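Have the model open and follow along.

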Amino acid sequence: MKNNEKFKGIFTALLTPFTEEGKVDVTAIEQLVEYNIRKGISGFYVGGSTGEVFLLRPEERRIVYEICAMAAKGKCTLIAHIGDLSTEKAIEYAKLCEQLGYDAVSSVTPFYYKYSKEELVKYYLDIADAVDLPVLMYCIPALSGVAVGFDVFDRLLSDSRFLGVKFTGNDFFTFERLRKKYPDKILYNGYDEMFLCGMAMGADGAIGSTYNLMAEKFIAMRQLCEEGKYAQAREIQHEANEIIADLVENGNVNGALKYALTDLVGINMGICRKPLTDMPENWKMKFDRKYAGKFEKYYTCV
Ligand code: MN9
């Protein structure tokens, strides 16, 4: 896989907005896509943890993939998270996203049952066999409970069909070892609050939830890193982390982002699917007081 340039940069892990009736809100997806494209992101990661993917019905998942493809195709790079509990379902979504014109598919490590390394590797190989798109591993041990060993990375990354890894963890030693061994693969930083750590260890870009709200900060930071201006980039990381600390305070970062986008940006995101809960009133009040007027409005963003 030679032409990897389109996979470099800042990728927004798209949230899934819901209407008051609890349906996927097509208009809000379109607005959120536009808001992020106008800010200059490189692409979207669709249907991941941030998109509440495992709380969606299969037909809702399809709608999300379709709407995003229609809204963003040709304007930026699209990666679909197609992971599911069974290989069969993951392949079904992968095929759909291939038809829809996505540039790559990605899957979280299979979870719930404790799989052997062989089973884990086979899950990914089966996906790679089923579609003609590059496959991105998604490692997020804090949520999946699966920490992938170097031998598994080796088995998959030595295969040309594998694009790289979305690495949501804080083991930057492993991240650096991957960078050194696989200079041509795409490595994405996962935790937005540690963006600079990933950049320092050679990340090609990053995929994150808080970019829905403040992509411009990460685009600017990445630019500064490219120019070697790490001290300046750190000033922006400090700014971003002040906000992220508030967003993660209650545990449900998706809910916090939805509130911020609805209330302060003007895109109606609705609330999260149960069992995720809405943000407490005192959090909302505190957030409003601190950040009113601080985020670019949807209607004025150019
Ligand atoms: O993978 C995201 N992870 C999850 C990326 O949502 C589980 C991150 O963007 C975090 O939401 C973010 C806040 O901790 O860094």
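Start with the aromatic rings: this predicted model contains 19 aromatic pairs, counting rings whose centres lie within 6.5 Å. One of them brings together Tyr65 and Tyr102, with 6.2 Å from centre to centre. Their planes are at 80° to each other, and that makes the pair edge-to-face, because the cut-off for that label is over 60 degrees. What does this pair link? It joins distant parts of the chain, its two members being 37 residues apart. Tyr65 belongs to helix H2, which covers residues 58-72, while Tyr102 sits in the loop that runs from helix H3 (87-99) to strand S4 (104-108).

Now turn to the ligand. Its surroundings are made up of 15 residues, and the closest are Lys166, Thr168, Asp192, Glu193 and Ser209.

Ser209 places a side-chain N or O atom 2.7 Å from an oxygen atom of the ligand. For Asp192, a polar side-chain atom is 2.8 Å from a ligand oxygen. Thr168 also takes part, with 3.1 Å between an N or O atom of its side chain and an oxygen atom of the ligand. How much of the ligand does the protein bury? On its own the ligand would expose 380 Å², and 91% of that is buried by the protein.

Before you close the viewer, have a look at the backbone. Most peptide bonds are trans, and most residues other than glycine have a negative phi. With that in mind, check the bond from Lys274 to Pro275: it is cis, and its omega is near 10°. You'll find Pro275 in the loop between helix H11 (253-265) and helix H12 (281-291). Then there's Glu52, a residue other than glycine whose phi is positive, near 55°. Glu52 lies in a loop as well, the one between strand S2 (43-46) and H2.

Notes: Residues are numbered from 1 along each chain as its sequence is written. This is a predicted model: local features need pLDDT of at least 70, side-chain atom pairs count only at pLDDT 80 or more; totals for chains, interfaces and linings use all residues. Side-chain values use heavy atoms; hydrogens and water are left out. A residue is near a molecule or strand if one of its heavy atoms lies within 4 Å of it. A polar contact is a pair of N or O atoms within 3.5 Å; within protein, one must be able to donate a hydrogen and the other to accept it, and residues adjacent in sequence count only if both atoms are side-chain atoms. Accessible areas come from the Shrake-Rupley method with a 1.4 Å probe; for residues, only the protein chains shown count as cover. Rings of Phe, Tyr and Trp (its six-membered ring) pair if their centres lie within 6.5 Å; planes under 30 degrees apart count as stacked, over 60 as edge-to-face and the rest as tilted. Helices (H or I, at least four residues) and strands (E, at least two) are DSSP runs, numbered from the N terminus.
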